[in-house]
Amino acid sequence: MRRVVRAAAYALLPAELVLVVCLVAGVRIPAAVVVGAEAAVVALMCAEALLYVRLRRRGAGHREAVRELVPEPVVRLVGHELRLMVSLVRWVARRPHGAGGAGARSFGHARDQAAYMYGFAFVCVVETVGMSYLLASWPVVHAVFLVLDVYTVLFVLGLHAASVTRPHVLDGDGLRVRQGAHVDLVVPLERIASVRYEPLFSHRKEEGVLNLAVASQTSVTIVLSEPVTAVRLLGAPYPVRLVRCHADDARGMVDALRRARTAPSPVPGPPG
């Protein structure tokens with residue numbers, strides 16, 4: 001039954017999108033087609049709800065049940081959008097994510113992208129105002145484009161807010177390397193073979209290399225003795241042996257990493 005419901009979702013959702021576009025564009029569609037399409041969507045939602053309840057009764061957790069019903073790429077994309085919106089709230093509240101542990105050091109990486117992100121957001125605002133003026137005579141089309149344009153502005157600001165509120169974090173266990181709301185990689189200290197300050201402005205796509213450029217630049221290169229597994233936006237695993245990232249204080253980050261790698265291990269106390 002799960003396969004049938006998922007196949008129906010793959011078929012109905014694109015059809016529903018096409019139907020909405022046609023209605024907004026003013027295309028006349030027979031009422032029977034519209035009613036049939038909406039009835040199919042309602043039936044699909046009821047089937048999804050029924051399967052969700054059955055999975056929960058069988059002991060599956062909330063996330064496990066959702067992942068059984070919704071393809072992982074869709075779950076990850078929705079989760080990414082939600083993290084962007086939460087990042088806006090954290091940005092306003094000045095509450096960084098995952099950077100408050102005892103003995104942890106944070107290294108921001110959003111400063112060099114701020115100018116062009118603000119510029120991009122300003123262009124989106126101007127486009128929103130212009131489209132609102134041009135589409136004022138078509139209320140339905142105007143409302144649709146207004147929602148899309150406002151969400152685009154929030155999306156752009158959310159991208160920057162995610163970079164601001166999710167810095168790189170170094171603690172006693174390892175280095176947490178992040179980029180926006182879609183990359184979050186923990187590198188254990190014992191797997192760091194070397195680290196160096198290396199400003200780069202062009203990055204070739206290479207196997208086993210993770211380039212986390214900010215404003216098209218990286219400044220810290222981390223060579224690993226053993227690969228670690230990064231996860232792409234849609235969930236595909238990716239083994240990494242070299243990480244290039246950027247930090248506002250790149251030299252300070254390199255020095256802190258070197259000291260953390262060479263710090264002596266704590267001496268165990270005498271047996272009790």
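This short talk covers the charges, surface patches and backbone features of one structure. Keep in mind that the model is predicted.

Salt bridges come first. How many does a search of the whole structure find? The count is 4. I will take you through some of them.

Start with Arg244 and Glu206. Their side chains meet in a salt bridge, at 3.8 Å from N to O. Arg244 sits in strand β8, residues 237-245, and Glu206 sits in the loop between β5 and β6, so this pair ties together parts that are 38 residues apart in sequence. Now look at the cover on each partner. Arg244 counts as buried, at 14% relative accessibility. Glu206 is partly exposed, at 31%.

Next, Glu198 and Arg196. This pair also forms a salt bridge, and its closest N and O atoms are 3.4 Å apart. Glu198 is partly exposed, with a relative accessible area of 22%. Arg196 is partly exposed too, at 33%.

Then Arg111 and Asp112. Here the closest N and O atoms of the salt bridge are 3.9 Å apart. The cut-off is 4 Å, so the pair counts. Arg111 is exposed, at 52% relative accessible area. Asp112 counts as partly exposed, at 32%.

Now a charge without a partner. Which residue is buried yet has no salt bridge? That is Asp149. The nearest side chain of opposite charge is Arg83, and Arg83 is 24 Å away. Asp149 belongs to helix α6, residues 139-165. What does Asp149 touch, not counting residues up to four places away in sequence? The answer is Glu127, Thr128 and Met131.

On to the surface. There is a negative patch, formed by Asp171, Asp173, Glu190 and Glu226. Take Glu190 as the example. Its place is the loop between β4, residues 183-188, and β5, residues 192-200. Glu190 is exposed, with a relative accessible area of 64%. Patch members need over 30%, so Glu190 passes that test.

There is a nonpolar patch as well. Phe120, Phe122, Val123 and Val126 make it up, and together they have about 410 Å² of accessible area. Phe122 lies in helix α5, which spans residues 114-134. Buried or exposed? Phe122 is exposed, at 58% relative accessible area.

Contrast that with Ala65. Ala65 is buried, and its relative accessible area is 0%. It sits in helix α3, residues 62-69. Leave aside the neighbours within four places in sequence. Then Ala65 is in contact with Tyr52, Leu55, Arg56 and Ala60. One distance to check on screen is Ala65 to Leu51. These two are 14 residues apart in sequence and 8.5 Å apart in space, C-alpha to C-alpha.

Last, the backbone. Where is Ala215? Look in the loop between β6, residues 209-211, and β7, residues 218-231. Ala215 counts as partly exposed, at 26% relative accessibility. Ser216 is in the loop between β6 and β7 too. Its phi is near 65°, again positive and again not in a glycine. Ser216 is exposed, with a relative accessible area of 52%.

To recap one item: Asp149 is buried, with no salt bridge, and Arg83 is 24 Å off. Questions, please.

Key: Residues are numbered from 1 along each chain as its sequence is written. This is a predicted model: local features need pLDDT of at least 70, side-chain atom pairs count only at pLDDT 80 or more; totals for chains, interfaces and linings use all residues. Side-chain values use heavy atoms; hydrogens and water are left out. Patches are made of residues with over 30% relative accessible area and no salt bridge: like charges are joined within 9 Å, nonpolar side chains (Val, Leu, Ile, Met, Phe, Trp, Tyr) within 5 Å. Accessible areas come from the Shrake-Rupley method with a 1.4 Å probe; for residues, only the protein chains shown count as cover. Lys and Arg count as positive and Asp and Glu as negative; His and the chain ends are not counted. The place of a charge is taken as NZ of Lys, CZ of Arg, CG of Asp or CD of Glu. Helices (H or I, at least four residues) and strands (E, at least two) are DSSP runs, numbered from the N terminus. Buried means under 20% relative accessible area, exposed over 50%, partly exposed in between (1.4 Å probe, protein chains only). Contact means heavy atoms within 4.5 Å.
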